[in-house]
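Please look through the sequence and the model below before reading on.

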Amino acid sequence: MIGDLQAAMLGTPEISVVVPMHNEEGSVEELARQLRQALPEAHEVIFVDDGSTDRTWPRLLGIHDPDRVRVVKLRVRSGKSAALMAGFARCKAPVVFTLDGDLQDDPAEIPKFLSKLAEGHDLVSGWKRVRHDPLHKVAASRVFNFVMRHATGLQLRDMNCGFKCYRSEVVKRLRIHGDQHRFIPVFAADAGFSVAEVEVRHRPRVHGRSKYGLSRMAKGFADLGTVLLRTRYKDRPAHGFGLLAIAAGVSGIFLLLLSAGRFLPGLAAFAAEALGAALVVCAPVLIAAGWVAEFLLHCQAVGRKPELPEVEQARD
């Protein structure tokens, strides 16, 4: 406890907590109270208001404390990734937590994350085995996580969980935008950080309503290609575009054969033929895009000193 007090007096918190919020006026004071109870003396909480249209911001101003609770407001709604980046830029502690502002994440679970982090991991993600959400939301999350595990190779059961714990080195390396927050563990693992998972309690929503629907899964799948290009194929983009070209070409030829064989009725056959032709045309375009990406990567490297892999050395 004395060490905690000394750290607090020196302005160096042990734990930073970033909480993105959008229209969560009913949760502000209670979440702040629960975090205060769960965290050590030397801590800071950074609430980021993502363009709320209710009374979230006035309530945040009411709990603002320069030493412990800081509040940041994004003028317009910019998305969870932007809110997280705004919070990460202001963190001072060597350990950073993120959790949602709807009270469904329980701050009392924080010691679980710290224990897992102490095992030598760099990022610990929560896993909500039992979820108190509508059935369609749970089903969409299960499908999304199944596809992400097989596409990225990262075996997390709940990649999209907002309750996470990081070493500060991880958040300093992150560059996310749009809806890429759900892929943070993928980016961290690609950078060589150790990623683990702990089961956490998920509480029913008490205030407000969920900001996510089935469209979230569609956005996640749309972002998957970008994520794979930024991670698995970042040094060989032509391979990534080549796989897309093969998939487009094979699918297009299959649709053309299907329509030519008269297996489909008139309108369906016409649609299959049009889509098949478009996919066949897209295939060489994708290959050309891969070549352009490779050329740009080469031009970027010309004239620079070779970048050596990062190494970790034993501390003296």
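Predicted model: local features only at pLDDT ≥ 70, side-chain atom pairs only at ≥ 80, totals over all residues.

Two strands count as paired if DSSP finds at least two bridges between them. Strand β2 covers residues 43-50 and is joined to β3 by six bridges. The two strands run parallel. One of the residues to look for is V48, whose bridge partner in β3 is V72. Between the strands comes helix α3, residues 56-63, and β2, α3 and β3 together make a right-handed β-α-β unit.

Is strand β3 largely enclosed or largely open? Here a residue is called buried if its relative accessible area is under 20%. Five of the six residues of β3, which spans residues 69-74, are buried, so the strand is largely enclosed by the rest of the structure.

The buried residues in α4 are K80, S81, A83, L84, A86, G87 and F88.

Strand β4, residues 95-98, contains F97. F97 is buried, with a relative accessible area of 1%. Its C-alpha is 9.2 Å from that of V45, although F97 and V45 are 52 residues apart in sequence.

The next topic is charged side chains. How many salt bridges does the structure have? The count comes to 14. One of them joins the side chains of E29 and R59, with 3.3 Å from N to O. E29 lies in helix α2, residues 28-38, and R59 lies in helix α3, so this pair ties together parts that are 30 residues apart in sequence. E29 has a relative accessible area of 35% and is partly exposed. R59 is also partly exposed, at 32%.

Another salt bridge is formed by the side chains of D122 and R167, at 3.5 Å from N to O. This pair links distant parts of the chain, 45 residues apart: D122 is in the loop between α5 and β5, and R167 is in strand β6, residues 164-167. Are D122 and R167 buried or partly exposed? D122 is buried, with a relative accessible area of 17%, while R167 is partly exposed, at 26%.

A further salt bridge has E199 and R129 as its partners, with 3.2 Å from N to O. E199 belongs to strand β7, residues 195-199, and R129 to the loop between β5 and α6, so to speak of the pair is to speak of distant parts of the chain, 70 residues apart. E199 is partly exposed at 35% relative accessible area, and R129 is partly exposed at 45%. Salt bridges can also join up, and D106, R201 and R203 are linked in a network of them.

Cysteines are the next topic. A disulfide is a covalent bond between the sulfur atoms of two cysteines. How many disulfides does this structure hold? The number is zero.

Some residues deserve a look for their backbone angles. Most residues other than glycine have a negative phi. N23 has a positive value, near 55°, and is not a glycine. N23 is found in the loop between β1 and α2, and at 22% relative accessibility it counts as partly exposed. L103 is not a glycine either, yet its phi is positive, about 70°. L103 sits in the loop between β4 and α5 and is buried, with a relative accessible area of 8%.

The last stop is on the surface. Which residues form a nonpolar patch there? They are L243, I246 and V250, which together have about 290 Å² of accessible area. L243 is in helix α10, residues 237-260, and counts as partly exposed at 45% relative accessibility. An α-helix has 3.6 residues a turn, so residues three or four places apart point the same way.

How values were computed
Residues numbered from 1 in each chain as written. Heavy atoms only, no water. Patch = residues over 30% accessible without salt bridge, like charges linked within 9 Å, V, L, I, M, F, W, Y side chains within 5 Å. Areas by Shrake-Rupley, 256 points an atom, 1.4 Å probe, with all protein chains shown as cover. Salt bridge = Lys/Arg side-chain N within 4 Å of Asp/Glu carboxyl O. Helix = DSSP H or I, 4+ residues; strand = E, 2+ residues; numbered from the N terminus. Buried < 20%, exposed > 50% of the residue type's maximum accessible area, 1.4 Å probe, protein only. Right-handed = clockwise from strand over helix to strand, strands pointing away. Disulfide = S-S within 2.5 Å.
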